[in-house]
Amino acid sequence: MDGLPKPQGMNDRRHFLLLLTFTCFISRWFDPEAAASLRLLWRSLPDAYLTYQEMQETFQMQLQATDLDNFVEFYQEVVHENCHVMKPRSLMDLCRGTIRKELETNKLYLPNAIEELKVPRRMKRFLNLLDLYETFCLSENESDDESQSEADDDVNVKVFV
């Protein structure tokens with residue numbers, strides 16, 4: 001896929017995100033965390049979700065129709081969005097992405113900068129993507145030990161994020 005042409009009108013950032021998403025699609029066979037990592041990445045960004053048209057224009061010469069369909073299905077399962085229609089991100093996703101970006105721009109590094117904010121704990125968990133981690137990642141990798149405390153979850157998640 002070296003030298004994969006960028007569709008006309010697609011900016012470099014969007015092309016990079018598409019290629020990164022495709023890399024996770026390929027990696028899913030040998031990296032069980034690929035989908036969870038991709039889900040967290042897309043939820044932390046303010047960019048619009050990828051569309052089927054963008055995927056098709058990028059990979060039409062490299063992938064067979066069934067492989068493209070499998071890629072699209074993987075992406076839709078990961079981000080929980082229909083990629084056949086371009087729609088803006090939710091206001092919550094946009095706010096989270098904007099706040100995280102501003103912190104990084106001001107050289108306040110994550111997740112420590114979020115912990116120092118004077119906002120409720122629930123907001124800190126939201127900004128640190130912990131709500132998503134618990135919703136999507138833990139449900140996919142549930143252990144038999146249902147009695148793990150929330151404090152233990154926080155420690156484990158901070159290592160992951």
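Here is a short chat about helices and cysteines in a predicted model.

Colleague: Happy to look at this with you! How many Å does α4 reach from its first C-alpha to its last?

Modeller: Helix α4 covers residues 65-79, which is 15 residues. At 1.5 Å a residue, 21 Å is expected. The helix comes close to that, with a reach of 21 Å.

Colleague: Nice. Within what arc do the buried residues of α4 fall, seen down its axis?

Modeller: The buried residues of α4 are Leu-68, Phe-71, Val-72, Phe-74, Tyr-75, Val-78 and Val-79. In an α-helix, residues three or four places apart point the same way, because there are 3.6 residues a turn. The buried residues here line one face of α4, so the arc to quote is 160°.

Colleague: Let's turn to α2, then. How many of its eleven residues are buried?

Modeller: Among the buried residues of α2 are Leu-38, Leu-40 and Trp-42, along with Arg-39 and Arg-43. The helix is largely enclosed by the rest of the structure, because the buried count is nine.

Colleague: Last one, on the cysteines: is Cys-83 buried or exposed, and how many disulfides does the structure hold?

Modeller: Cys-83 has a relative accessible area of 1%, so it is buried. Cys-95, at 37% relative accessibility, counts as partly exposed. As for disulfides, the number in the structure is zero.

Key: Residues numbered from 1 in each chain as written. Predicted model: local features only at pLDDT ≥ 70, side-chain atom pairs only at ≥ 80, totals over all residues. Heavy atoms only, no water. Helix = DSSP H or I, 4+ residues; strand = E, 2+ residues; numbered from the N terminus. Expected span 1.5 Å × (residues − 1). Buried < 20%, exposed > 50% of the residue type's maximum accessible area, 1.4 Å probe, protein only. Arc of directions from axis to C-beta. Disulfide = S-S within 2.5 Å.
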